[in-house]
Amino acid sequence: MPTNVTPEYKKAEAAYKRAREPRERLDLLREMLRTVPKHKGTEHLQADIKTRIKELTEELAGPRKTGARSGPPTVIKPDGAGQVVLLGPPNSGKSTLHDVLTGSHSAAGAYPFTTQFPQPGMIRVDDVGIQLVDLPAISSQHPVPWIANAVQQADGALLVVDVSHPGCVAEVVDLIDVLAARKIRLIGSWPEGNERSTDPEDPFVILLPTLVVAAKADLVDEIDAELEALCDLAELDVPVHAVSAEDGEGIEGLGPWLFEALGVVRVYTKIPGKPPDLGRPYTVRLGDTVERVAVLVHKDFVERLKFARLWRPGEDGAGRQVGRDYVVRDGDVLELHA
Ligand SMILES: Nc1nc2c(ncn2[C@@H]2O[C@H](COP(=O)(O)OP(=O)(O)OP(=O)(O)O)[C@@H](O)[C@H]2O)c(=O)[nH]1
Ligand SMILES: [Mg+2]
(Lines give C-alpha, C1' and ligand atoms only; values in the text may rest on other atoms or scores of the structure.)
(Ligands and ions follow the chains in the order given, each with its own letter.)
Protein backbone atom coordinates (compact mmCIF):
# COMPACT_ATOMS: atom_id res chain seq x y z
CA MET A 1 0.00 0.00 0.00
CA PRO A 2 1.44 3.42 -0.84
CA THR A 3 2.10 5.57 2.21
CA ASN A 4 -0.11 8.52 3.11
CA VAL A 5 -3.40 6.99 2.00
CA THR A 6 -6.44 7.96 4.06
CA PRO A 7 -8.09 5.78 6.71
CA GLU A 8 -11.16 5.80 4.47
CA TYR A 9 -9.15 4.27 1.63
CA LYS A 10 -7.54 1.70 3.94
CA LYS A 11 -10.97 0.63 5.13
CA ALA A 12 -12.26 0.20 1.56
CA GLU A 13 -9.14 -1.75 0.56
CA ALA A 14 -9.37 -4.06 3.57
CA ALA A 15 -13.04 -4.75 2.80
CA TYR A 16 -12.22 -5.39 -0.88
CA LYS A 17 -9.62 -7.99 0.05
CA ARG A 18 -12.14 -9.83 2.22
CA ALA A 19 -15.10 -9.61 -0.17
CA ARG A 20 -16.00 -12.62 -2.28
CA GLU A 21 -19.17 -11.53 -4.02
CA PRO A 22 -18.34 -9.98 -7.44
CA ARG A 23 -20.90 -7.13 -7.07
CA GLU A 24 -19.67 -6.27 -3.62
CA ARG A 25 -16.10 -6.29 -4.95
CA LEU A 26 -17.10 -3.87 -7.70
CA ASP A 27 -18.73 -1.49 -5.21
CA LEU A 28 -15.62 -1.59 -3.04
CA LEU A 29 -13.35 -0.93 -6.02
CA ARG A 30 -15.41 2.19 -6.75
CA GLU A 31 -15.07 3.20 -3.11
CA MET A 32 -11.30 2.67 -3.35
CA LEU A 33 -11.14 4.90 -6.43
CA ARG A 34 -13.23 7.56 -4.72
CA THR A 35 -11.09 7.65 -1.60
CA VAL A 36 -7.59 7.12 -2.99
CA PRO A 37 -5.55 10.34 -2.69
CA LYS A 38 -5.05 11.73 -6.21
CA HIS A 39 -1.32 12.47 -6.47
CA LYS A 40 1.74 11.21 -8.33
CA GLY A 41 2.59 8.54 -5.76
CA THR A 42 -0.72 6.74 -6.33
CA GLU A 43 -0.90 6.95 -10.13
CA HIS A 44 -0.14 3.23 -10.54
CA LEU A 45 -2.68 2.28 -7.95
CA GLN A 46 -5.35 4.50 -9.52
CA ALA A 47 -4.70 2.92 -12.92
CA ASP A 48 -4.89 -0.58 -11.42
CA ILE A 49 -8.19 0.19 -9.72
CA LYS A 50 -9.64 1.63 -12.94
CA THR A 51 -8.61 -1.46 -14.91
CA ARG A 52 -10.26 -3.77 -12.35
CA ILE A 53 -13.45 -1.67 -12.39
CA LYS A 54 -13.59 -1.84 -16.18
CA GLU A 55 -13.00 -5.60 -16.28
CA LEU A 56 -15.47 -6.42 -13.56
CA THR A 57 -18.15 -4.07 -14.96
CA GLU A 58 -17.89 -5.74 -18.37
CA GLU A 59 -18.04 -9.15 -16.71
CA LEU A 60 -21.14 -8.36 -14.72
CA ALA A 61 -22.91 -6.74 -17.67
CA GLY A 62 -24.04 -10.23 -18.68
CA PRO A 63 -23.58 -12.30 -21.82
CA ARG A 64 -21.39 -10.64 -24.38
CA LYS A 65 -22.77 -9.97 -27.78
CA THR A 66 -20.25 -10.03 -30.56
CA GLY A 67 -16.65 -10.33 -31.56
CA ALA A 68 -13.67 -11.69 -29.69
CA ARG A 69 -15.27 -10.93 -26.32
CA SER A 70 -18.40 -13.00 -26.90
CA GLY A 71 -18.97 -16.12 -24.86
CA PRO A 72 -20.22 -17.38 -21.53
CA PRO A 73 -19.44 -15.61 -18.23
CA THR A 74 -15.91 -15.89 -16.90
CA VAL A 75 -16.70 -14.88 -13.31
CA ILE A 76 -18.64 -17.63 -11.56
CA LYS A 77 -20.74 -16.36 -8.67
CA PRO A 78 -19.63 -18.20 -5.52
CA ASP A 79 -22.14 -20.72 -4.23
CA GLY A 80 -22.18 -23.23 -1.37
CA ALA A 81 -19.66 -23.40 1.45
CA GLY A 82 -16.69 -22.25 -0.66
CA GLN A 83 -15.38 -21.90 -4.18
CA VAL A 84 -12.42 -23.92 -5.44
CA VAL A 85 -11.01 -23.62 -8.96
CA LEU A 86 -9.30 -26.28 -11.06
CA LEU A 87 -5.98 -25.15 -12.48
CA GLY A 88 -3.54 -27.16 -14.52
CA PRO A 89 -1.59 -27.63 -17.72
CA PRO A 90 -3.45 -28.88 -20.83
CA ASN A 91 -4.85 -32.41 -20.83
CA SER A 92 -3.95 -33.06 -17.19
CA GLY A 93 -7.37 -34.48 -16.28
CA LYS A 94 -9.16 -31.40 -14.83
CA SER A 95 -12.50 -31.89 -16.58
CA THR A 96 -12.58 -35.63 -15.97
CA LEU A 97 -11.98 -34.97 -12.26
CA HIS A 98 -14.64 -32.23 -12.28
CA ASP A 99 -17.15 -34.65 -13.76
CA VAL A 100 -16.31 -37.42 -11.28
CA LEU A 101 -16.56 -35.06 -8.29
CA THR A 102 -19.61 -33.04 -9.33
CA GLY A 103 -21.41 -35.00 -12.05
CA SER A 104 -21.08 -31.97 -14.33
CA HIS A 105 -20.36 -33.84 -17.58
CA SER A 106 -17.71 -31.18 -18.18
CA ALA A 107 -16.32 -32.11 -21.59
CA ALA A 108 -13.10 -34.12 -21.45
CA GLY A 109 -10.95 -34.92 -24.46
CA ALA A 110 -7.79 -36.89 -25.27
CA TYR A 111 -6.22 -33.72 -26.65
CA PRO A 112 -5.10 -30.39 -25.11
CA PHE A 113 -7.24 -27.23 -24.69
CA THR A 114 -10.59 -29.00 -24.65
CA THR A 115 -12.10 -26.71 -22.01
CA GLN A 116 -12.60 -23.10 -23.13
CA PHE A 117 -14.80 -21.51 -20.45
CA PRO A 118 -15.46 -21.89 -16.71
CA GLN A 119 -17.83 -24.66 -15.75
CA PRO A 120 -19.27 -24.68 -12.22
CA GLY A 121 -20.34 -27.75 -10.27
CA MET A 122 -20.92 -28.84 -6.68
CA ILE A 123 -19.03 -31.42 -4.60
CA ARG A 124 -21.39 -32.78 -1.95
CA VAL A 125 -19.85 -33.25 1.50
CA ASP A 126 -22.53 -34.51 3.91
CA ASP A 127 -25.22 -31.81 3.84
CA VAL A 128 -23.19 -29.03 2.22
CA GLY A 129 -21.88 -28.28 -1.25
CA ILE A 130 -18.44 -26.97 -2.12
CA GLN A 131 -18.36 -25.27 -5.50
CA LEU A 132 -15.75 -26.56 -7.94
CA VAL A 133 -15.06 -24.54 -11.09
CA ASP A 134 -13.45 -26.25 -14.08
CA LEU A 135 -11.21 -23.90 -16.06
CA PRO A 136 -9.29 -23.96 -19.33
CA ALA A 137 -5.67 -25.09 -19.26
CA ILE A 138 -3.13 -22.51 -18.14
CA SER A 139 -0.21 -22.34 -20.56
CA SER A 140 1.84 -19.64 -22.27
CA GLN A 141 0.87 -21.27 -25.59
CA HIS A 142 -2.77 -20.51 -25.02
CA PRO A 143 -3.33 -17.33 -22.99
CA VAL A 144 -6.56 -16.93 -21.06
CA PRO A 145 -6.90 -13.15 -20.71
CA TRP A 146 -9.65 -13.32 -18.07
CA ILE A 147 -7.94 -15.80 -15.76
CA ALA A 148 -7.50 -13.31 -12.88
CA ASN A 149 -11.25 -12.52 -13.02
CA ALA A 150 -12.06 -16.20 -12.87
CA VAL A 151 -9.96 -16.95 -9.78
CA GLN A 152 -10.17 -13.75 -7.73
CA GLN A 153 -13.16 -14.77 -5.67
CA ALA A 154 -11.97 -18.38 -5.20
CA ASP A 155 -11.12 -19.68 -1.73
CA GLY A 156 -8.58 -22.12 -3.10
CA ALA A 157 -7.35 -24.13 -6.06
CA LEU A 158 -6.67 -27.71 -7.03
CA LEU A 159 -3.60 -27.75 -9.27
CA VAL A 160 -4.23 -30.85 -11.37
CA VAL A 161 -1.10 -32.45 -12.86
CA ASP A 162 -0.48 -35.60 -14.87
CA VAL A 163 2.78 -36.97 -13.48
CA SER A 164 2.79 -39.72 -16.12
CA HIS A 165 3.37 -37.05 -18.75
CA PRO A 166 7.12 -36.45 -19.36
CA GLY A 167 6.74 -32.70 -19.88
CA CYS A 168 4.76 -32.11 -16.73
CA VAL A 169 7.42 -30.28 -14.68
CA ALA A 170 8.12 -27.81 -17.48
CA GLU A 171 4.37 -27.31 -17.89
CA VAL A 172 3.87 -26.57 -14.21
CA VAL A 173 6.79 -24.11 -14.19
CA ASP A 174 5.25 -22.42 -17.24
CA LEU A 175 1.84 -22.30 -15.52
CA ILE A 176 3.34 -20.68 -12.41
CA ASP A 177 4.97 -18.03 -14.63
CA VAL A 178 1.75 -17.34 -16.52
CA LEU A 179 -0.13 -16.91 -13.23
CA ALA A 180 2.62 -14.73 -11.73
CA ALA A 181 2.30 -12.36 -14.68
CA ARG A 182 -1.32 -11.87 -13.59
CA LYS A 183 -0.29 -11.44 -9.93
CA ILE A 184 -1.69 -14.84 -8.96
CA ARG A 185 0.46 -16.84 -6.52
CA LEU A 186 -0.13 -20.38 -5.34
CA ILE A 187 0.44 -20.85 -1.63
CA GLY A 188 0.45 -23.96 0.55
CA SER A 189 -1.38 -22.69 3.60
CA TRP A 190 -5.16 -23.01 3.64
CA PRO A 191 -6.99 -20.57 5.88
CA GLU A 192 -8.99 -23.13 7.94
CA GLY A 193 -11.19 -20.21 8.85
CA ASN A 194 -12.52 -16.82 7.84
CA GLU A 195 -9.15 -15.09 7.29
CA ARG A 196 -7.93 -14.71 3.71
CA SER A 197 -4.22 -14.44 2.97
CA THR A 198 -3.48 -11.09 1.38
CA ASP A 199 -0.42 -9.18 0.28
CA PRO A 200 0.04 -6.08 2.46
CA GLU A 201 1.81 -4.25 -0.38
CA ASP A 202 -0.63 -4.79 -3.22
CA PRO A 203 -4.42 -5.31 -2.97
CA PHE A 204 -4.52 -6.96 -6.40
CA VAL A 205 -2.18 -9.84 -5.64
CA ILE A 206 -4.20 -13.04 -5.39
CA LEU A 207 -2.78 -15.57 -2.93
CA LEU A 208 -4.49 -18.83 -3.76
CA PRO A 209 -4.33 -21.68 -1.24
CA THR A 210 -3.48 -24.72 -3.36
CA LEU A 211 -3.55 -28.51 -3.23
CA VAL A 212 -1.57 -30.30 -5.93
CA VAL A 213 -3.69 -33.16 -7.23
CA ALA A 214 -1.91 -35.82 -9.21
CA ALA A 215 -4.61 -37.13 -11.53
CA LYS A 216 -4.23 -40.42 -13.45
CA ALA A 217 -2.61 -42.17 -10.46
CA ASP A 218 -3.54 -45.42 -12.21
CA LEU A 219 -0.83 -44.74 -14.81
CA VAL A 220 2.04 -44.18 -12.35
CA ASP A 221 3.80 -46.64 -10.01
CA GLU A 222 5.75 -44.55 -7.50
CA ILE A 223 3.29 -41.68 -7.38
CA ASP A 224 4.39 -40.21 -4.04
CA ALA A 225 8.04 -40.02 -5.14
CA GLU A 226 7.00 -38.53 -8.50
CA LEU A 227 4.89 -35.90 -6.76
CA GLU A 228 7.66 -34.96 -4.37
CA ALA A 229 10.09 -34.57 -7.27
CA LEU A 230 7.59 -32.41 -9.18
CA CYS A 231 7.02 -30.06 -6.24
CA ASP A 232 10.78 -29.79 -5.60
CA LEU A 233 11.56 -28.97 -9.21
CA ALA A 234 8.71 -26.50 -9.57
CA GLU A 235 9.53 -24.97 -6.16
CA LEU A 236 6.00 -25.54 -4.95
CA ASP A 237 5.59 -25.79 -1.19
CA VAL A 238 2.00 -27.04 -1.11
CA PRO A 239 0.18 -30.17 0.07
CA VAL A 240 -0.31 -33.02 -2.44
CA HIS A 241 -2.92 -35.71 -3.05
CA ALA A 242 -3.07 -38.51 -5.65
CA VAL A 243 -6.30 -39.48 -7.41
CA SER A 244 -7.50 -41.53 -10.33
CA ALA A 245 -10.77 -40.89 -12.11
CA GLU A 246 -10.21 -44.27 -13.79
CA ASP A 247 -10.17 -46.53 -10.69
CA GLY A 248 -11.53 -44.09 -8.07
CA GLU A 249 -8.38 -43.90 -5.93
CA GLY A 250 -8.29 -40.82 -3.69
CA ILE A 251 -11.54 -39.39 -5.06
CA GLU A 252 -13.71 -39.78 -1.96
CA GLY A 253 -11.22 -38.03 0.29
CA LEU A 254 -11.13 -34.78 -1.69
CA GLY A 255 -14.44 -33.27 -0.55
CA PRO A 256 -13.78 -33.87 3.17
CA TRP A 257 -10.21 -32.55 2.74
CA LEU A 258 -11.57 -29.29 1.29
CA PHE A 259 -14.23 -29.04 4.01
CA GLU A 260 -11.43 -29.15 6.64
CA ALA A 261 -9.03 -26.91 4.75
CA LEU A 262 -11.67 -24.22 4.26
CA GLY A 263 -12.74 -24.43 7.90
CA VAL A 264 -16.41 -24.90 6.97
CA VAL A 265 -18.81 -24.48 9.89
CA ARG A 266 -22.45 -25.53 9.54
CA VAL A 267 -25.09 -23.76 11.60
CA TYR A 268 -28.73 -24.88 11.72
CA THR A 269 -31.46 -22.44 12.62
CA LYS A 270 -34.71 -22.91 14.46
CA ILE A 271 -37.85 -20.96 15.17
CA PRO A 272 -38.90 -20.66 18.87
CA GLY A 273 -41.05 -23.60 19.88
CA LYS A 274 -40.22 -25.59 16.75
CA PRO A 275 -37.56 -28.24 16.14
CA PRO A 276 -34.42 -27.08 14.30
CA ASP A 277 -34.34 -27.12 10.50
CA LEU A 278 -31.73 -29.85 10.04
CA GLY A 279 -32.21 -30.05 6.29
CA ARG A 280 -30.35 -26.94 5.21
CA PRO A 281 -27.41 -25.55 7.18
CA TYR A 282 -26.09 -22.05 6.78
CA THR A 283 -22.36 -22.28 6.17
CA VAL A 284 -19.78 -19.91 7.63
CA ARG A 285 -16.08 -20.36 8.49
CA LEU A 286 -14.19 -21.11 11.70
CA GLY A 287 -13.95 -17.86 13.62
CA ASP A 288 -17.27 -16.50 12.32
CA THR A 289 -19.88 -15.25 14.76
CA VAL A 290 -23.63 -15.32 15.38
CA GLU A 291 -23.81 -11.99 13.54
CA ARG A 292 -22.37 -13.53 10.36
CA VAL A 293 -25.05 -16.23 10.45
CA ALA A 294 -27.73 -13.56 10.94
CA VAL A 295 -26.48 -11.76 7.80
CA LEU A 296 -26.95 -14.97 5.81
CA VAL A 297 -30.43 -15.53 7.23
CA HIS A 298 -31.50 -12.03 6.23
CA LYS A 299 -29.51 -8.87 5.50
CA ASP A 300 -31.97 -6.60 7.35
CA PHE A 301 -32.39 -8.96 10.24
CA VAL A 302 -28.87 -8.38 11.50
CA GLU A 303 -29.68 -4.78 12.51
CA ARG A 304 -32.54 -5.90 14.70
CA LEU A 305 -30.76 -8.90 16.26
CA LYS A 306 -30.91 -8.76 20.07
CA PHE A 307 -29.52 -12.13 21.13
CA ALA A 308 -29.54 -15.78 20.13
CA ARG A 309 -30.11 -19.09 21.83
CA LEU A 310 -27.54 -21.71 21.00
CA TRP A 311 -27.39 -25.47 21.34
CA ARG A 312 -24.21 -27.43 20.72
CA PRO A 313 -24.59 -30.90 19.14
CA GLY A 314 -26.08 -33.30 21.71
CA GLU A 315 -27.33 -30.55 24.04
CA ASP A 316 -31.01 -30.17 24.90
CA GLY A 317 -32.73 -27.90 27.35
CA ALA A 318 -33.30 -24.20 26.99
CA GLY A 319 -30.05 -23.46 25.19
CA ARG A 320 -27.51 -20.86 26.23
CA GLN A 321 -28.11 -17.20 25.54
CA VAL A 322 -25.34 -15.65 23.40
CA GLY A 323 -24.66 -12.27 21.82
CA ARG A 324 -23.90 -11.32 18.23
CA ASP A 325 -20.12 -11.64 18.71
CA TYR A 326 -20.29 -15.24 19.90
CA VAL A 327 -18.13 -17.55 17.74
CA VAL A 328 -20.13 -20.46 16.33
CA ARG A 329 -18.95 -24.05 15.83
CA ASP A 330 -19.80 -26.78 13.35
CA GLY A 331 -23.18 -28.33 14.13
CA ASP A 332 -24.49 -25.49 16.32
CA VAL A 333 -28.24 -24.82 16.36
CA LEU A 334 -29.22 -21.14 16.62
CA GLU A 335 -32.48 -19.44 17.44
CA LEU A 336 -32.21 -15.76 16.52
CA HIS A 337 -34.17 -13.20 18.51
CA ALA A 338 -34.85 -9.70 17.20
N1 LIG B 1 -5.81 -43.23 -17.21
C2 LIG B 1 -6.46 -42.12 -16.86
N3 LIG B 1 -6.77 -41.19 -17.81
C4 LIG B 1 -7.42 -40.07 -17.44
C5 LIG B 1 -7.75 -39.83 -16.07
N6 LIG B 1 -8.36 -38.62 -16.00
C7 LIG B 1 -8.40 -38.12 -17.26
N8 LIG B 1 -7.84 -39.00 -18.14
C9 LIG B 1 -7.70 -38.81 -19.60
O10 LIG B 1 -6.89 -37.66 -19.84
C11 LIG B 1 -7.35 -36.96 -21.02
C12 LIG B 1 -7.57 -35.49 -20.71
O13 LIG B 1 -8.63 -35.38 -19.82
P14 LIG B 1 -9.41 -34.02 -19.57
O15 LIG B 1 -10.23 -34.26 -18.35
O16 LIG B 1 -10.09 -33.53 -20.80
O17 LIG B 1 -8.19 -33.05 -19.25
P18 LIG B 1 -8.24 -31.46 -19.03
O19 LIG B 1 -7.18 -31.17 -18.05
O20 LIG B 1 -9.61 -31.03 -18.70
O21 LIG B 1 -7.82 -30.92 -20.46
P22 LIG B 1 -7.99 -29.42 -21.08
O23 LIG B 1 -9.38 -28.96 -20.83
O24 LIG B 1 -7.71 -29.62 -22.51
O25 LIG B 1 -6.96 -28.61 -20.40
C26 LIG B 1 -8.60 -37.69 -21.47
O27 LIG B 1 -8.24 -38.56 -22.52
C28 LIG B 1 -9.03 -38.45 -20.24
O29 LIG B 1 -9.73 -39.64 -20.55
C30 LIG B 1 -7.41 -40.83 -15.09
O31 LIG B 1 -7.65 -40.72 -13.90
N32 LIG B 1 -6.75 -41.94 -15.55
MG1 LIG C 1 -10.77 -29.58 -19.54
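Mentor: A cavity, on a 1 Å grid over the protein atoms alone, is a set of points where a 1.4 Å probe fits but cannot get out, while a pocket is an open set with protein on both sides within 12 Å along at least five of seven lines; lining residues have an atom within 4 Å of a point. Grid points are joined across faces, edges and corners, and a volume is the space filled by probe spheres set on the points. This is a predicted model, in which local features need pLDDT of at least 70 and side-chain atom pairs count only at pLDDT 80 or more, whereas totals for chains, interfaces and linings use all residues. Residues are numbered from 1 along each chain as its sequence is written, chains are lettered from A and ligands numbered from 1 in the order in which they are written, and side-chain values use heavy atoms, with hydrogens and water left out.

By this rule there is 1 cavity of 30 Å³ or more. The volume of the largest cavity is about 50 Å³. Its lining consists of Tyr 16, Leu 29, Arg 52, Glu 55, Leu 56, Ala 148, Asn 149 and Gln 152. Two or more of these residues come from each of α3 (43-60) and α5 (147-151), with α3 giving the most, 3 residues. Helices (H or I, at least four residues) and strands (E, at least two) are DSSP runs, numbered from the N terminus. By class the lining has 4 nonpolar, 2 polar and 2 charged residues; Ala, Val, Leu, Ile, Met, Phe, Trp, Tyr, Cys and Pro count as nonpolar, Asp, Glu, Lys and Arg as charged, and the others, Gly among them, as polar. Because domain 1 (7-61) and domain 2 (71-262) both give residues to this lining, the largest cavity lies between them. The domain bounds come from an automatic or database domain assignment.

Now the open spaces. The largest pocket holds about 1,400 Å³. It is lined by 36 residues, and those closest to its centre are Arg 20, Thr 283, Arg 292, Val 295 and Leu 296. The elements giving two or more residues to this lining are α1 (7-18), β2, β3 (128-134), β9 (282-285) and α9 (290-297). Its classes are 18 charged, 11 nonpolar and 7 polar.

The second largest pocket has a volume of about 360 Å³. Of its 24 lining residues, Ser 92, Gly 93, Lys 94, Thr 96 and Lys 216 lie nearest its centre. Helix α4 supplies the largest share of that lining, 4 residues. The lining splits into 11 nonpolar, 9 polar and 4 charged.

The protein donors of the magnesium ion (ligand 2) are Ser 95 (OG) and Thr 115 (OG1), at 2.0 to 2.1 Å from it. Ser 95 is in α4 (residues 94-102) and Thr 115 in the loop between α4 and β2 (119-125), so the pair, 20 residues apart, links distant parts of the chain. Donors here are N, O and S atoms within 2.8 Å of the metal (3.2 Å for Na, K and Ca), and water is not among the atoms, so sites may look incomplete. Both Ser 95 and Thr 115 are buried, where buried means under 20% relative accessible area, exposed over 50%, and partly exposed in between (1.4 Å probe, protein chains only). Phe 113 is in the loop between α4 and β2, and has a positive phi, near 60°, without being a glycine. Phe 113 counts as partly exposed because its relative accessibility is 21%.

Strand β1 (residues 83-87) has 5 of its 5 residues buried, so it is largely enclosed by the rest of the structure. In a regular strand the side chains alternate between the two faces of the sheet. Gln 83, Val 85 and Leu 87 point one way from β1, and Val 84 and Leu 86 the other way. β1 runs parallel to β3, joined by 3 bridges, and Gln 83 has Gln 131 as its bridge partner there. β1 also pairs with strand β4 (residues 156-162), again in the parallel sense, over 4 bridges, and Leu 87 stands opposite Leu 159. Two strands are said to pair if DSSP finds at least two bridges between them.

Last, a contact between two glycines. Gly 193 is in the loop between β5 and β6 and counts as buried because its relative accessibility is 4%. Gly 263 follows α8 and has a positive phi, near 65°. The C-alpha atoms of Gly 193 and Gly 263 are separated by 4.6 Å, although the residues are 70 apart along the chain.
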